[in-house]
Amino acid sequence: MTDITLAPIQPDQPSHLMATYGRQAISFVRGRGAYLYTEDGTEYLDALTGIAVCGLGHAHPVIAEAIAEQAATLVHTSNLFEIPWQTAAAQKLAEVSGMEEIFFSNSGAESNEGAIKIARKFGTQQGVRLPKIIVAEQSFHGRTLATLSATGNKKVQDGFVPLVNDFIRVPFGDVEAIQEAALQHPDIVAILIEPIQGEGGINTAPQGFSYLEEVRNICNQHNWLMMLDEIQTGNGRTGKYFAYQHTNIVPDVLTTAKGLGNGFPVGAVMTQGKAVGLLGPGSHGSTYGGTVLGSRVVYTVIDTIQKENAVENAAVVGRYIVDQLRAKLANKNVQVRGFGMMIGIQLPKDCAELVAIARDEHKLIINVTAGSVVRLLPPINMTQAQADDLLERLVTLINSYL
């Protein structure tokens with residue numbers, strides 16, 4: 001292996017990176033499981049895992065071995081040729097998702113772009129001249145122009161007008177608003193929603209997952225495509241392989257990414273039922289989608305999640321964390337919500353500063369979203385001992401803040 005040592009970045013050294021991120025003043029050089037380490041060896045408990053990406057933790061030995069072996073063998077040939085690992089990865093993903101067709105992309109935004117194209121193609125085939133898609137307020141679907149337009153957050157849309165038209169926004173969880181939109185817009189062809197709104201503050205619908213069942217019924221009634229964005233909720237995060245599996249319904253279109261590659265950039269858009277066959281040769285594509293390397297990573301991640309019973313672990317340990325937080329913070333006027341290893345603690349005031357306090361004083365990596373929600377996205381294979389470590393640091397942090 002080539003030995004490359006990066007020189008320390010000097011405070012006055014200019015950066016050639018676009019300033020698109022408000023970066024924290026810290027960097028990590030290695031990770032292992034639920035922990036990250038700086039150059040001097042300081043250990044941090046990572047309760048964010050790359051924003052729900054490293055579901056099996058950092059540097060998982062099975063994933064690392066598969067990447068190294070495949071990188072030394074064959075990385076990319078293009079979709080002009082058969083890719084056995086892609087076929088095998090699609091089979092694995094179909095088994096755990098209940099979907100029929102799978103297209104591999106490189107990210108969650110690309111997967112949602114694929115879903116939007118599928119909806120428009122479906123509408124066009126139904127004779128709808130300007131197909132419309134219902135989306136939810138406070139949603140997040142990506143930062144490409146179409147997914148940005150579908151997102152229900154004006155802050156991330158600011159400066160990028162004109163947005164893509166023909167998205168109809170309704171309050172999350174409001175079935176009556178969906179029915180009202182159906183009456184006003186006869187050219188609706190699909191609805192795109194998250195089972196749980198991650199960026200929006202770990203929001204669940206007031207009626208819980210039965211909301212998805214109600215949406216499924218409406219889509220059947222109007223011949224719409226039901227499309228679920230499981231970029232963040234998928235791959236075991238909520239204690240089911242996909243969050244919709246907390247119900248008895250199946251969507252027509254399902255998107256995922258993040259935990260699908262455990263840190264390797266890969267996503268997927270999946271179809272079943274009346275959405276099958278809408279995209280054919282020439283109607284969609286990706287240079288890097290489903291490379292040999294990426295496909296082997298997907299196969300290995302799913303296989304490892306299954307062999308380690310990580311989905312079941314996420315349900316059990318996640319419930320333990322939620323129960324303990326509710327008990328330990330019962331007198332702090334906070335609301336704890338979420339499923340599995342997707343947990344939000346709603347504080348009674350804005351708390352963005354907790355990110356730095358947690359990092360610097362408690363060696364804990366967390367995130368604050370929607371202004372006042374502490375978001376936890378720990379590894380889905382986190383042990384109870386690690387959960388207790390997380391609880392001790394987090395409860396101390398919140399108790400000292402409120």
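Local features were considered only at pLDDT of at least 70 and side-chain atom pairs only at pLDDT 80 or more, whereas totals for chains, interfaces and linings use all residues of the predicted model. Residues are numbered from 1 along each chain as its sequence is written, and side-chain values rest on heavy atoms, with hydrogens and water left out.

Two packed helices are described by the angle between their axes and the distance between the axes. Helix α2 (residues 61–71) packs against helix α9 (residues 292–307) at an angle of about 160 degrees, with the axes 10 Å apart (axes are lines fitted to C-alpha atoms, for helices over the stretch in contact, and angles run from 0 to 180 degrees between N-to-C directions; helices are DSSP runs of H or I with at least four residues, numbered from the N terminus). The pair is therefore roughly antiparallel (over 145 degrees; under 35 counts as roughly parallel, 65 to 115 as roughly perpendicular and the rest as oblique). On the α2 side, the contact (heavy atoms within 4.5 Å) includes Val62, Ile63, Ala66 and Ile67, and on the α9 side Val292, Leu293, Arg296 and Val297 are among the residues involved. By class, this contact of α2 with α9 comprises 9 nonpolar, 3 polar and 2 charged residues (Ala, Val, Leu, Ile, Met, Phe, Trp, Tyr, Cys and Pro count as nonpolar, Asp, Glu, Lys and Arg as charged, and the others, Gly among them, as polar).

For helix α7 (residues 175–184) and helix α8 (residues 210–222), the axes come within 10 Å and cross at roughly 15 degrees, and the two helices are therefore roughly parallel to each other. Val175, Ile178, Gln179 and Ala182 of α7 meet Tyr211, Glu214, Val215, Ile218, Gln221 and His222 of α8, a contact with 6 nonpolar, 3 polar and 1 charged residues.

The axes of helix α11 (residues 354–362) and helix α12 (residues 384–401) come within 11 Å and cross at roughly 125 degrees, which makes α11 oblique to α12. Here Leu354, Ile357, Ala358 and His362 of α11 are in contact with Arg393, Thr396, Leu397 and Tyr401 of α12, and these residues divide into 5 nonpolar, 2 polar and 1 charged.
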